[in-house]
Amino acid sequence: MKNSEIIKNLSLDDKIKIVTGQDFWYTKELKNEGLKSLLLTDGPSGVRKQEEDIDALGLNQSIETISFPSLALIACSFDKDLLRQYGEYLGQIAKSEKVKVLLGPGINIKRNPLAGRNFEYMSEDPFVSGKLGTAYIKGLQSQGVGASVKHFATNNRENQRFTNSSNIDERTLREIYLSAFETIVKEAEPATIMSSYNFLNQVPVSENKWLLTDLLRNEWGYQGVVVSDWSAVKRRAQSLKAGLNLEMPGKGEATLTEVKDAIKNGQLDEHILDVSVDRVLTLMKDYQIKEEVQSYDKETYHDFARELARKSIVLLKNENENLPLKPSSLGLIGELAENPRYQGGGSSKVNPYHVVTPLGAFKNQQYVYAQGYNINNHEVDQQLQQQAVKVAQQNDQVVLFLGYPESYETEGLDKDSLSLPDNQLALIDAVTKENENVTIVLQNGGTVLMPWADKVKSIVETYLPGEAVGEAIYDILTGKQNPAGKLAETVPQRIEDVPSYLTFNQSKADENYREGIYVGYRYYDTKNIETQFPFGHGLSYTTFDYSNMQITNQESSLKVSLDIKNTGNIFGEEVVQIYIGNRTSDIDMPFKELREFERVALEVNETKTINFEIPHKAMRWYNENRGQWQIDDGEYIIYAGSSVEDIRLEQPITLNITNQTTSNQIHEDTYLSEIVTRKEAFKQSLEQYNLDKIIDAVIENPELTSIFENVPLRSLIMVNIDIKIVRDFIDAANEELSKQA
Ligand code: BGC
């Protein structure tokens, strides 16, 4: 039956119930129409389906399933095919558990490394989150399971997440914080979008019509369902008006009464309710369980979790080819080797199928182990530390397993420091005094400061690598897997260097995004601030050579091609990154921005030509004064590199794509500097009004040049030129221009 007919026959109560969760995880069933309830459940790192006690904070147990790596790690693969495959695996599991909407992926921008939920998010760069998020969702939805992209939008801190207002100018909002959502809406068509808890520019997101309707629906053309984050809705009638279709979990009778009263009082038009009912009905029809439920082979899925982790782990430092481990005596130190951290706390926490610890993965190797510290206690334990020092003295190579305790980073709470606990820092000092060949393996949801980086030979970043944590680390340390992961966020040297350092969590009520578009590398790179490890950085056990960059300007895109060669002696993969710098705009711009990337696999000595097609649209920026996107004509630099700081090739290109004739016109506020630059275009008019002499004098006399450069045409009265002459000249000059066009 058509939605409109169903809606016609529904009572008001039933309509309200359809747009309200039936309970914590299910939508309402519609028996007469043969539509079963849909099960929505977390999430991004594995299927967190609860059968008994329910909660959205990771407190109660869920079914046993595969714990995959956190998105913070998987994003480091920069591998769209892998993300698509990951989506397919998640979809298969969800299907076998009768889950129809999986609450993920989280694609919020990592604005500040203290943010408690960064482990669930992908990157500080919207292009990376947009493209990888698209691949994940396409994979997931190809299995008949809907995605829920979250948290829309600007949910970039956890403290006071239900009430705090993210205050952001429109350019920053569109270019940085909304851009990945826009890409995903347009390219992946997610079944649902989860609206966030916070306020945006003082309006609760769940009541924000500009965000949920004007932008999302009318501008971007979104067709799916907007679902609330769990208990995000305060005023249901307002949220319906704003375009929030499905409230989860719903407040039962309270919601029913509130919406009915609003309709009775004329505060809410029933047709607005019908629009949301229509959308939820479409979702229910699209995602009914149609096939037999099949179980999945947990061993195969566990192996995929291992594959995901090892393809994403980032080798940050490797002096003197310290890694892979050589066959020599080996010391493994640190409680995290025995009791690893492999997933984050909160709603993404799953009940793992089979955790393999690092010690477990090394079980067939010769090693000596020392606990070194207590993960849940920050005090130095002298005895544990002494045992570790002994291991460091008696073995050629040492691997130190360090990281944040779970209590440091979880949903609902931001960190207040980026340092490892004191006992771990003391252990680094003690161990590195005794042994020169130390590798640090990190387990952490978000960035760790590394003032100790110079003391060790190698650093391996694993974020939260999922239940195959030990095996994936083993593969990287032994060289079974050649690392190719790249940082999807910058590791700063000091917390004070972080662009939002001055404002982050400074007010309970307001989060002011004063750094604007300068988030992550856009800030460090533009300001030339030294980082610990830059965005896009990650080493390999082989080396790559970049050459032969060719750029062709096509009708609506740039074609960039280059050759990449594996110049080392083992198979390896490299993530080639294309950045573009706008050198032409008359507004501030980041020095360069990531516009494409590709992960390339190369045998020894193999060379591949990589072709990128970058739409001109990628060069757009948001002009707030005009209320529209703009592309500048003029000079750009195209960079190809192995990280934002390790640029291997670059080439300038001049774009002339907009053909904007009107913007060439001059007016009373046009500065003389522009008239000087374009004097050939106005030659006749300048002569006609005797202004050519002034322009020549300005050009010939350097002192005058600097003074007159900053004088607009209307201020020529300062040198006794009648305003009428100026105005006539402007008209004549614009006419002269239009004849040339
Ligand atoms: C989280 C969401 C999650 C939901 C359901 C909320 O607390 O913010 O990310 O999907 O709970 O568990």
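1. Start with phenylalanine 68. Leaving aside residues up to four places away in sequence, Phe68 touches Ser45, Gly46, Tyr86, Leu90, Ile93, Tyr301, Phe304, Ala305, Leu308 and Gly466. Keep in mind that this is a predicted model.

2. Where does Phe68 belong? Phe68 is part of the largest nonpolar core, which holds 113 residues. Phe68, Tyr86, Phe152, Leu211 and Trp230 are the residues that touch the most other members of that core. Note that Tyr86 is also on the contact list of Phe68.

3. As background, nonpolar side chains tend to be buried together in soluble globular proteins.

4. Now turn to the ligand. Which residues come nearest to the ligand? They are Asp42, Arg117, His151, Asp229 and Glu411, out of 14 residues around the ligand. By type, the shell divides into six nonpolar, two polar and six charged residues.

5. A polar side-chain atom of Asp229 sits 2.7 Å from an oxygen atom of the ligand. For Glu411, the distance from a polar side-chain atom to a ligand oxygen is 2.9 Å. Tyr197 also places a polar side-chain atom 2.9 Å from an oxygen atom of the ligand. How much of the ligand does the protein bury? Taken alone, the ligand exposes 310 Å², and the protein buries 99% of that.

6. Last, the domains. The domain assignment of the protein chain gives domain 1 as 307–481, domain 2 as 544–655 and domain 3 as 662–740. Taken over C-alpha atoms, the centres of domain 1 and domain 2 are 35 Å apart.

Notes: Residues are numbered from 1 along each chain as its sequence is written. This is a predicted model: local features need pLDDT of at least 70, side-chain atom pairs count only at pLDDT 80 or more; totals for chains, interfaces and linings use all residues. Side-chain values use heavy atoms; hydrogens and water are left out. Domain bounds come from an automatic or database domain assignment. A residue is near a molecule or strand if one of its heavy atoms lies within 4 Å of it. A polar contact is a pair of N or O atoms within 3.5 Å; within protein, one must be able to donate a hydrogen and the other to accept it, and residues adjacent in sequence count only if both atoms are side-chain atoms. Accessible areas come from the Shrake-Rupley method with a 1.4 Å probe; for residues, only the protein chains shown count as cover. Ala, Val, Leu, Ile, Met, Phe, Trp, Tyr, Cys and Pro count as nonpolar, Asp, Glu, Lys and Arg as charged, and the others, Gly among them, as polar. A nonpolar core is a set of buried Ala, Val, Leu, Ile, Met, Phe, Trp, Tyr and Cys residues joined through side-chain atoms within 4.5 Å. Buried means under 20% relative accessible area, exposed over 50%, partly exposed in between (1.4 Å probe, protein chains only). Contact means heavy atoms within 4.5 Å.
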